[in-house]
4 protein chains.
Amino acid sequence: MNNEELIFSRKDQHLIFAVKEKVESTATTMLEDVKFVHQTILDYDFSEVDVSTQFFGHKVNAPLVISGMTGGTPLSGKINSMLAELAEEFHIPIGVGSQRAGLKDPSAADTFRVVKEKAPDVPRIANIGASQVSMGLSVGDAEKLIEMIDADVLAVHLNPLQEVLQPEGEPVFRSFLAGLEKLVSSVSVPVILKQTGEGFARESARKLVGIGIKGIDVGGTGGTSFAVIEGLRARLMGLDVLEEIARDFADWGVPTAASILEVRSVFPDILLVATGGVRNGVEVAKVIRLGADFAGMALPVVRSVYHGGVPGGRRFLDKTLKELRIAVYLVGGKDLKDLKKAPIIVTGKLKDWIIQRELIIRSE
Amino acid sequence: MNNEELIFSRKDQHLIFAVKEKVESTATTMLEDVKFVHQTILDYDFSEVDVSTQFFGHKVNAPLVISGMTGGTPLSGKINSMLAELAEEFHIPIGVGSQRAGLKDPSAADTFRVVKEKAPDVPRIANIGASQVSMGLSVGDAEKLIEMIDADVLAVHLNPLQEVLQPEGEPVFRSFLAGLEKLVSSVSVPVILKQTGEGFARESARKLVGIGIKGIDVGGTGGTSFAVIEGLRARLMGLDVLEEIARDFADWGVPTAASILEVRSVFPDILLVATGGVRNGVEVAKVIRLGADFAGMALPVVRSVYHGGVPGGRRFLDKTLKELRIAVYLVGGKDLKDLKKAPIIVTGKLKDWIIQRELIIRSE
Amino acid sequence: MNNEELIFSRKDQHLIFAVKEKVESTATTMLEDVKFVHQTILDYDFSEVDVSTQFFGHKVNAPLVISGMTGGTPLSGKINSMLAELAEEFHIPIGVGSQRAGLKDPSAADTFRVVKEKAPDVPRIANIGASQVSMGLSVGDAEKLIEMIDADVLAVHLNPLQEVLQPEGEPVFRSFLAGLEKLVSSVSVPVILKQTGEGFARESARKLVGIGIKGIDVGGTGGTSFAVIEGLRARLMGLDVLEEIARDFADWGVPTAASILEVRSVFPDILLVATGGVRNGVEVAKVIRLGADFAGMALPVVRSVYHGGVPGGRRFLDKTLKELRIAVYLVGGKDLKDLKKAPIIVTGKLKDWIIQRELIIRSE
Amino acid sequence: MNNEELIFSRKDQHLIFAVKEKVESTATTMLEDVKFVHQTILDYDFSEVDVSTQFFGHKVNAPLVISGMTGGTPLSGKINSMLAELAEEFHIPIGVGSQRAGLKDPSAADTFRVVKEKAPDVPRIANIGASQVSMGLSVGDAEKLIEMIDADVLAVHLNPLQEVLQPEGEPVFRSFLAGLEKLVSSVSVPVILKQTGEGFARESARKLVGIGIKGIDVGGTGGTSFAVIEGLRARLMGLDVLEEIARDFADWGVPTAASILEVRSVFPDILLVATGGVRNGVEVAKVIRLGADFAGMALPVVRSVYHGGVPGGRRFLDKTLKELRIAVYLVGGKDLKDLKKAPIIVTGKLKDWIIQRELIIRSE
Ligand SMILES: Cc1cc2nc3c(=O)[nH]c(=O)nc-3n(C[C@H](O)[C@H](O)[C@H](O)COP(=O)(O)O)c2cc1C
Ligand SMILES: Cc1cc2nc3c(=O)[nH]c(=O)nc-3n(C[C@H](O)[C@H](O)[C@H](O)COP(=O)(O)O)c2cc1C
Ligand SMILES: Cc1cc2nc3c(=O)[nH]c(=O)nc-3n(C[C@H](O)[C@H](O)[C@H](O)COP(=O)(O)O)c2cc1C
Ligand SMILES: Cc1cc2nc3c(=O)[nH]c(=O)nc-3n(C[C@H](O)[C@H](O)[C@H](O)COP(=O)(O)O)c2cc1C
């Protein structure tokens, strides 16, 4: 099996594990430590609630991104097609998984391309790994990725934990910031950075000041954990030391709730997506309240389409967005601006985190 | 099945679910975070303890309201009859469920009327939904409701969560405050507002300042949850998306303990009833200590009469009121005034809530 | 069955329940919130540790009282005999249960008298209920109680919760303080007050200032609960309302740890015994550290002799006192004076209690 | 069975219990209350991470000590041989168990000697108990211990709890400080003190100021508990009182995390080893972050070689050190100096401990 084949099969393994196994972090998002204060005197109708917003200049129907997950194999092509159909139908942004494989192999590229075909009218987010950027991704290749899905944004995903855990991983980031700066200044679309399940801390955010990135997806701890997924893969391969290491890192990282506040303390105005363990519309409302512009969801969406096809995904998104609208209504708001200033109570470990890191929850 | 039939059968469904299923919120009242400080040096006798008080000018034997629940169907008529018999016997106030059905249908009206027949000497609380007020309840109709049970008070119940969850719900409150103001100024009895399980926050209370309402029942989270009940109904109807949404809101709202303090911070002197998850006489004492004038109970009372008839209800109320008297005695008090200044300790999430919302527990 | 018989059989019921059923409070002593700081550099030998102390002028071997429990029936006479044998052997103070029955009935009196026969050389504590004092216990009768066991101290037990819960209870304390004052000034031995499982609060302690009592046994919550015991009796008698009331008060009271601090804030120098849920020698050390002069134990001692006779009791006391000496040694102390200033950490609900009640832990 | 035989068989009992039974404290290390803040922007490669450091002037590959455990019996000799092989291979320091038996018996001495044969190039730590020092260990004997393994350091282990619990224990420390002072000033190698599972408090550390010791191994609570082990032995011997006493002390002591801070508050610059419940490389990183220079591990290492031989031990150490390197990398560091200033969050009981003991976590 050569390296290309490895990438393909790895992608399918990730997908299959994600939809069939317990792959979530043993730590929580800390969103359970956030409680809204219910309002009962509402002098407007539920039908007036509007959760539409802007994503890099595009109007979308809800502050929800279908986070980048897959592509590169026939199975993942089918998944991408269904996810794209849903993004179009709900008029929300959609990302794809790492397009590295698509650069070299035309049939792999098709499994990404389907996204622009099925979701032509919504923002699309291209995706490449930080390792590639560190190792000198060329502007030409970057543009190929963008063109592949006619992307509005390019996401560079950061996954240092996964890189150190994967047997075939490449934890080589020496030239990352330089590469990123070059990429940002030369590609035709805005670039965002995106963690994939260990979150973003203030110190890391600070290193990005001045580089010109246009957004951050905190990809916080509490949802899908690539430590857990790589642990499952390691077990399959008989690499049991690796499996155990992975287990010891299954709670590693900055929980999604904390991560939003960490990033906001450095970038008060950047587009902030909060992916990582967001599981329903009340939690979408919570991440927005804490300071995110968008919630992102990966695992629950891919599970819904894997098991239920487009109807399953529609059912899930319907539910999620209805919940978001209910939450906005019941905190006494009509739109996301109102939501962002709704009173909340913060308890438990998130309270500790906020105090010790001297963070602030804004009420705009 | 037309709309009237729906209301009837819905009422019976609510009742049956309430007495037979787990219908309580997944969140608590936070009353468990309140602890009384036992006093052992008592220089008076237990028989001197007197928990009688006033409800809108009527002397009653205890600070306990049988909260409004039902009416409109033959079954609920029987329940109302038994509850009324108990209210009369214990000389405490009693409410009825939403009388909407009784406005149009004389046989439905009878199921409410029984309350004035069986409980002629205690305060009776009429009941109508905020949606009706929003949609322009006429003064004539309001007076019909009042007359139906010869009510001393009219309660307008607020249930925005239930309205958004019910397939047939009417979450239309645009004209609510205007309608309420009109109602208050024109009906012949005092008007109180009443949440039904998600509680009242300070912000909502503030919207009521100046309108002339005479009381608030906080109807806080921790007891009967209409999210849970509507989830059960949704399952019966095969509306599984709705069922899941309901589940995600099963912990929604302001817990009863917190809600008392929230409302008191706006209305220091209004008649305040604390319904929602109050389950025994110690908890009755706790809500009074926190600032309520009355505790309200719905679920445990209806369960006791449903399963045990009037004797079952008598047994439950006997127990509850004996517990209240014991609690008053063992905090070193003789009456409710003493209870309201008994020392307490507050821990856990209620402490967080109080601190973060800058609330105060009075010791009058 | 007349009243006297009732008292006898009740005494045996209490005893049997205590040794055979779960009779402890559903709340804890909060001693689990106290942690000693281990010292490892010890420049003296374990054999130098000495936990002897004074009890009203008598030297005793350890700061441990066998708390008053029983008497009045043949069974309880046997128990008293064994407990007294142990008190003598370990040279520690011993109390008896309420001697009310012994006042009228000579055979009952013998079951108390055995204590002075078997434990002639240690302090003995006579016992009578606050109700008797309230109802005018004569000085003559008081002296009879004292003479019955040749007591060094007379304990008046306070159990208002039990009195309100017992079907035959007498919660009549109107004249208690007056009666107590008279008793204190006229009897030949020091008088101490003693709760029996709901603890003592500052407010109650304050009412005793100036009356001349010489000691307080806090009898705090967390150990034997007479709410629980009376609940078991109520079940036997088919009084199920009472059973349920008892259950709702099974966590009532001031936990032993808190109660020590409450009393100490009023009486810095009175003899303070801490009974209630103390279960091993580490906990004996903890109550001493918090400010008690003596720990008291009832349940575990009676269980050990009931199931194992004098040898069983010896085994238990051996273990307990060895643990106490180990604890003194490992906090770097040689005696109780050292123990009273050993560093500790206080967490959890006890910390909340201390802060909210503005209490202080002394380090003498 | 004479006294020497007892020591031997006791040593094997400890070993067998340790590898086969649950022997850990019922309290935790409190390391679970420490959380690292993940960094995702890393501008260097994983391969650049270097965790090497110095141990008394010797360069070693990692801040990890194989803690002293055993020796004196054939079985323990085999274990020592394997542990030494691993120490040599991983180039990390290694200790042996108490060498008391080796002083008198040449065949016992051989079971220690193997360590210098198999681990000639790494720091070796000789070991003797505080009781021996108290009872006047001669300089000659001390030098014999040192020579036996050609030790670079001599550890004096403190285990007062074990000494009081062992039937054959010698809790006689009256002359300890004097003996220690003599030892320190006369032996040819640096002396360190080492608790064995109950930790070190500030007060104890203070007693060591000026004596000239060169290091402390906090040996904190949360890992192997000699209370638990002696309880198991007591059960075997039918000493059930002792077994119960042991159980009541199974949570005794200063947790490892707290103990580091306690010692550091007195000795800011001494070599500090943190043994006691450290179980993986993330926890190694945590103790270093809190202020230790080295982590120590006993139980998990002996288990790995007992069950898996040298390969099993290699596997465990490989995993542990890889985890440590990953942790260093993912907090944004390249070496231990960076690790020592990585941001952390502290919650739970450790937070309470730090506040109440006025401790400080340094960020050098
Ligand atoms: C099967 C799967 C594959 C993924 N692949 C990628 C990827 O290629 N690139 C990327 O940026 N994130 C990838 N992610 C991470 C997600 O975008 C997201 O950050 C993470 O799953 C946390 O969100 P969740 O808890 O909602 O799943 C993947 C997630 C899943 C579940
Ligand atoms: C079966 C049932 C029907 C109810 N119907 C009404 C109603 O029609 N109007 C109303 O104001 N509240 C209604 N309630 C709400 C109660 O008055 C009360 O606010 C709520 O149940 C919380 O109290 P609990 O926890 O003691 O049940 C109903 C409650 C139950 C259990
Ligand atoms: C069986 C039994 C009978 C008791 N009877 C009396 C009594 O007559 N008078 C009294 O002052 N306390 C009595 N007590 C209370 C004890 O003295 C003590 O305060 C209480 O049991 C709490 O301590 P413990 O948790 O160690 O049992 C009794 C306790 C028990 C278990
Ligand atoms: C089987 C065994 C024997 C031990 N013997 C000794 C000893 O002789 N001398 C000593 O200083 N520590 C001894 N220890 C204590 C360890 O060095 C260490 O302090 C303790 O086990 C806590 O670390 P752990 O939780 O990683 O096991 C022993 C530990 C074990 C498990």
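Helices (H or I, at least four residues) and strands (E, at least two) are DSSP runs, numbered from the N terminus. The model is predicted, so that local features need pLDDT of at least 70 and side-chain atom pairs count only at pLDDT 80 or more, while totals for chains, interfaces and linings use all residues. Residues are numbered from 1 along each chain as its sequence is written, chains are lettered from A and ligands numbered from 1 in the order in which they are written, and side-chain values use heavy atoms, with hydrogens and water left out.

**First selection: residues 180-342 of chain A**

Select residues 180-342 of chain A, which an unreviewed UniProt entry annotates as "domain: FMN-dependent dehydrogenase". UniProt positions are given in the numbering used here, feature names are shortened, and annotations may be inferred rather than shown by experiment. The span is 53% helix and 10% strand, and its end C-alpha atoms lie 37 Å apart.

Display chain A with chain B. Here 30 residues of chain A are in contact (heavy atoms within 4.5 Å) with 38 residues of chain B. The two chains bury about 3,200 Å² between them, 61% of it on carbon and sulfur atoms; buried area is the accessible area (1.4 Å probe) that two parts lose on being put together, summed over both. Highlight His38(A), Thr40(A) and Ile41(A), which supply 22% of the area that chain A buries against chain B, more than any other three residues.

Next, select Lys319(A) and Asp248(B), whose side chains meet in a salt bridge at 2.9 Å, N to O. A salt bridge is a side-chain nitrogen of Lys or Arg within 4 Å of a carboxyl oxygen of Asp or Glu, and the count between chain A and chain B is five. Colour strand E1 (34-36), helix H14 (299-330) and strand E12 (344-346) of chain A: these elements give two or more residues to the side that touches chain B. H14(A) gives the most, with eight residues. By class, this side of chain A has 16 nonpolar, five polar and nine charged residues; Ala, Val, Leu, Ile, Met, Phe, Trp, Tyr, Cys and Pro count as nonpolar, Asp, Glu, Lys and Arg as charged, and the others, Gly among them, as polar.

Now 38 residues of chain A are in contact with 30 residues of chain D. Val164(A), Arg174(A) and Trp252(A) supply 20% of the area that chain A buries against chain D, more than any other three residues.

Asp248(A) forms a salt bridge with Lys319(D), the closest N and O atoms being 2.9 Å apart. H11(A) gives the most, with six residues. The residues of this side divide into 22 nonpolar, five polar and eleven charged.

Show chain A with chain C: no contact joins them, and their closest C-alpha atoms lie 13 Å apart. For chain B and chain D there is likewise no contact, with the closest C-alpha atoms 13 Å apart.

Centre on Val51(D), in the loop between strand E1 (34-36) and strand E2 (53-55) of chain D. Is Val51(D) buried or exposed? Val51(D) counts as buried because its relative accessibility is 4%; buried means under 20% relative accessible area, exposed over 50%, partly exposed in between (1.4 Å probe, protein chains only). Leaving aside neighbours within four places in sequence, its contacts include Pro63(D), Leu324(D) and Leu336(D).
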